[in-house]
Amino acid sequence: MNNNKIKAEDLARLKKDVERYISRALHTPADYIYLSDRLQNEGHGYISPTTLKRVWGYISDKGDDYTPSSYTLNSICKLIGFNDISEYCKEEAEIQSKDYKGEYVETLSLPADTIITLLWQPNRKVQLRYVGAENFEVVDNENSRLRIGDIVQCNSLTQHAPAFFRVIRDGIKPFSYVAGSAQGIFYHIHSQS
């Protein structure tokens, strides 16, 4: 995406989504150091705290028409589960063009092999592959109690609300699991694999 085509409202929404994801508003120098460290520690590249301050408008040493680089925007988008800024902006455009009553998805409406990334605090990330009939297979896991290969069952996911699963592991009796019980989940539907 050409930086000159990034809309102010997309950037504002991205900043809000990042703050929601990290459960922290960015108001002090320490907040920007935290976000810089978090981006690097989670493998999304290094962005200096000064650059992040420019993106958030904490400093304006580059003028009012400062536009973040594609590298900066892509790294920030990766933190919240998107591949890049183009994918982030495209998803919002698609959502706005539908008859949309809230940010949720009914799982029965998903095509088989759809990949969904779930993010929640503190620092949890899980990728699910839809296998049908409200069942997902865990295909990637960072810092949650779910395991790769688990089958999780749920009938819907709601943005910024807890996700309730029934988990089947190794043929043992299913158990209940709540993701994002305190602040909810952030989900992103990627594609069919």
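This tour moves through the structure one selection at a time.

The model is predicted; local features need pLDDT of at least 70, side-chain atom pairs count only at pLDDT 80 or more, and totals for chains, interfaces and linings use all residues. Residues are numbered from 1 along each chain as its sequence is written, and side-chain values use heavy atoms, with hydrogens and water left out.

**Stop 1: the helical core**

Select L14, L35, W56, I76 and I80. These residues have the most contacts inside the largest nonpolar core, which has 25 residues. A nonpolar core here is a set of buried Ala, Val, Leu, Ile, Met, Phe, Trp, Tyr and Cys residues joined through side-chain atoms within 4.5 Å. Buried means under 20% relative accessible area, exposed over 50%, and partly exposed in between, with a 1.4 Å probe and protein chains only.

Now colour the helices. At least two residues of this core come from each of α1 (8–22), α2 (29–41), α3 (49–56), α4 (70–79) and α5 (85–96). The top contributor is α1, with five residues. Helices (H or I, at least four residues) and strands (E, at least two) are DSSP runs, numbered from the N terminus.

Zoom in on L14. Beyond residues up to four places away in sequence, L14 touches L73, I76, C77, I80, I85 and Y88. Contact means heavy atoms within 4.5 Å.

**Stop 2: α4 and what follows**

Select α4. Its buried residues are T72, L73, S75, I76, C77 and L79. Step on to G81, which follows α4 and has a positive phi, near 100 degrees.

**Stop 3: rings**

Show the aromatic side chains. The structure holds five aromatic pairs. Rings of Phe, Tyr and Trp (its six-membered ring) pair if their centres lie within 6.5 Å; planes under 30 degrees apart count as stacked, over 60 as edge-to-face and the rest as tilted.

Pick F82 and Y88. Their pair is edge-to-face, with 5.0 Å centre to centre and 80 degrees between the planes. F82 counts as buried because its relative accessibility is 3%. Y88 is buried too, with a relative accessible area of 1%.

Next, find R24. Its charged end sits over the ring of Y34, 4.2 Å from the ring centre. For this, NZ of Lys or CZ of Arg must be within 6 Å of the ring centre and within 35 degrees of the ring normal.

**Stop 4: the strands**

Select β2 (residues 114–120) and β3 (residues 124–132). They pair in the antiparallel sense over six bridges. Two strands pair if DSSP finds at least two bridges between them. L118 stands opposite V126 in β3. Three residues lie between β2 and β3 in their hairpin, and N123 in the turn has a positive phi of about 60 degrees.

β3 and β4 pair in the antiparallel sense over seven bridges. G132 stands opposite N135 in β4. This hairpin has two residues between its strands, and A133 in the turn has a positive phi of about 50 degrees.

**Stop 5: L128**

Select L128, in strand β3. L128 counts as buried because its relative accessibility is 0%. Leaving aside neighbours within four places in sequence, the contacts of L128 include I115, L118, F136, V152 and F165.

Finish on Y130 and F136. Both are buried.
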